[in-house]
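Thank you all for coming.

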Amino acid sequence: MGFKKSYEEINEKIRSGKAVVLTAEEVSAMALELSPSEIVKRVDVVTTGTFGAMCSSGAILNFGHTTPPMRMERMTLNGVPCHGGLAAVDTYLGATSENPENIRYGGANVIQDLIENKEVELEAWGKGTDCYPRKYIKTKISLETINEATLFNPRNAYQNYNVATNTTSKIKYTYMGTLLPGMKNANYSTAGELSPLLNDPEMRTIGIGTRIFLGGTVGYVVWPGTQFNTSKEKNEYGIPMSNAATIAVIGNLKEMNSNFLRAAYYEKYGVSLFVGIGIPIPMLDEDMAHRVSIRNEQIETSILDYGSAGSPYLGKTNYAELQSGEININGKKVRTAPVASLQKAREIADLLKKSIQSGKFELTCPVGMFPTGTSLKKLFETEGGEQ
Amino acid sequence: MKEITRRYVMKFPPQSADKALTYKLIKEYDIKFSILKAEVRPGHTGSLLLELEALPENMQKGIEYLEANSVVCEPLGKKIKFEAGKCINCGNCTGVCFTGALTMDREKWELNFDPELCVVCELCIAACPMNLFDSSFHEEEPEAILNN
Ligand code: SF4
Ligand code: SF4
């Protein structure tokens, strides 16, 4: 039996200001000299971070009732359509929803405007009922004037992601950035050894109820993210070699700030939201110490051709190579560029480290664990469609 | 192929048939142009500030044609403007910048922008998800060139 620590023991240390907290990059460097059995004795918590575009994000808002009241059935915020099928004055505003008259402005921009305390124009239509007679409203709202504003993102923080390149002769504009023709560049998005879900690949400590850093404040993991896939091929270090697990997260939008939540627009693709997430990993035992010791050269991922139909597989690489600025794809040297911010990911891991060290952030034992053996279904067409 | 926009200060020699020359630009090379400023005194060298719009290939041929007819064509520099304060250091722009003007510092993972290396290919404008790049012509130059 190796050395073990409980969540309570770790939290006790956090409360008394004695917890030893390192970032995932720091612990990976430490692991060059120390074994997991030594690391688990010395380190209590390892912090991780990521700051990238996460399209499956959005906010639940409650506007409050007018007099006379209104059942808002169709709504826009600064011209961006938001979900109307949610009672009278609740809505879900998806980050990628776009203003049809200005496609560069979408739900993510509304979210950013709100957290920057700007006023946003709400326009709503309803058919009018006996109990909700009002049929139309146009008014200004802000984070201060509305009841709840909750960030709820159904799929964030992908555990690993593909590298995107383009073998065709045409420039391709994608959510993985601008891909030049003839494989002249290759873009990657994961923060490598700092990436949250790569530091706990079996999700032993991340589950329902895990307290995290989200958008500049405290948030929670609420559920496995959509497209949660545990069946992706793993390498010898137990790392899935393409996009695998994801998490659904929630937090109070009113406490977030645009340093860690930022609207983005990808040319010829659309609007998205950069989300900052940091997850603390408790050093419960040797296995966890072994997991967080993983280094960039051990984290492999797949290179896909985003220019061709079905994104064919071109080969694999690892994050040490990707971060060096150049990879080799089938004998050709290709320049690499990140599309997510490692500088911000580090800032997040550091902030989380400091708030744990200062006793402000305690760790949570998940109240429910995530499923295993999941894979993805395809959508088949039964009525025909259009390509 | 996309049309490009360029600005030139053109000096027409005295007595040059500038009307005929510009007519040929439109007809033969399919170059659209507008006169932004003109300094023409009869019997002297005339200077025009022109904005030309054409396919890159036609643009080049048109300019060569003018130069062959003793018109001095001075290109006006276009500059890339970068709003550095809002940069999140994501790196998207470095993927398209081939001159090395935009690079990541591989220690700090912050963006470096060296305007000296920029050739105004404008690829970074569409590549930046924060929309922080813009291109503009030098504003101060035309006056100086027209008046000397
Ligand atoms: S315009 Fe072209 S050369 Fe200049 S910074 Fe942008 S991508 Fe680089
Ligand atoms: S793409 Fe834009 S936000 Fe990202 S590093 Fe370049 S300038 Fe900064």
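Let me start with a term: accessible areas here come from the Shrake-Rupley method with a 1.4 Å probe, and for residues only the protein chains shown count as cover. On that basis, the accessible surface of chain B comes to about 8,300 Å², and 50% of it belongs to carbon and sulfur atoms.

This is a predicted model, in which local features need pLDDT of at least 70 and side-chain atom pairs count only at pLDDT 80 or more, while totals for chains, interfaces and linings use all residues. Residues are numbered from 1 along each chain as its sequence is written, chains are lettered from A and ligands numbered from 1 in the order in which they are written, and side-chain values use heavy atoms, with hydrogens and water left out.

Staying with chain B, 40% of its 148 residues count as buried, where buried means under 20% relative accessible area, exposed over 50%, and partly exposed in between (1.4 Å probe, protein chains only). Chain B is divided into domain 1, residues 4–76, and domain 2, residues 78–137, with bounds that come from an automatic or database domain assignment. The centres of these two domains of chain B, taken over C-alpha atoms, are separated by 32 Å.

In secondary structure, chain B has 4 helices and 8 strands, which are DSSP runs numbered from the N terminus (helices are H or I, at least four residues; strands are E, at least two). Along the sequence of chain B, these follow the pattern β-α-β-β-α-β-β-β-β-α-β-α.

Now to the place where the two chains meet. The contact, meaning heavy atoms within 4.5 Å, takes 33 residues from chain A and 24 residues from chain B. Chain A and chain B bury about 2,000 Å² between them, with 56% of it on carbon and sulfur atoms; buried area is the accessible area (1.4 Å probe) that two parts lose on being put together, summed over both. On the side of chain A that touches chain B, several elements each supply at least two residues, including strand E15 (177–179), helix H6 (319–324) and helix H7 (342–357). The largest share of that side of chain A, 5 residues, comes from E20(A).

Finally, one residue of chain A: is Ile39(A) buried or exposed? Ile39(A), found in helix H3 (residues 36–42) of chain A, is buried, with a relative accessible area of 0%. Leaving aside neighbours within four places in sequence, Ile39(A) is in contact with residues including Val27(A), Leu34(A) and Ala289(A).
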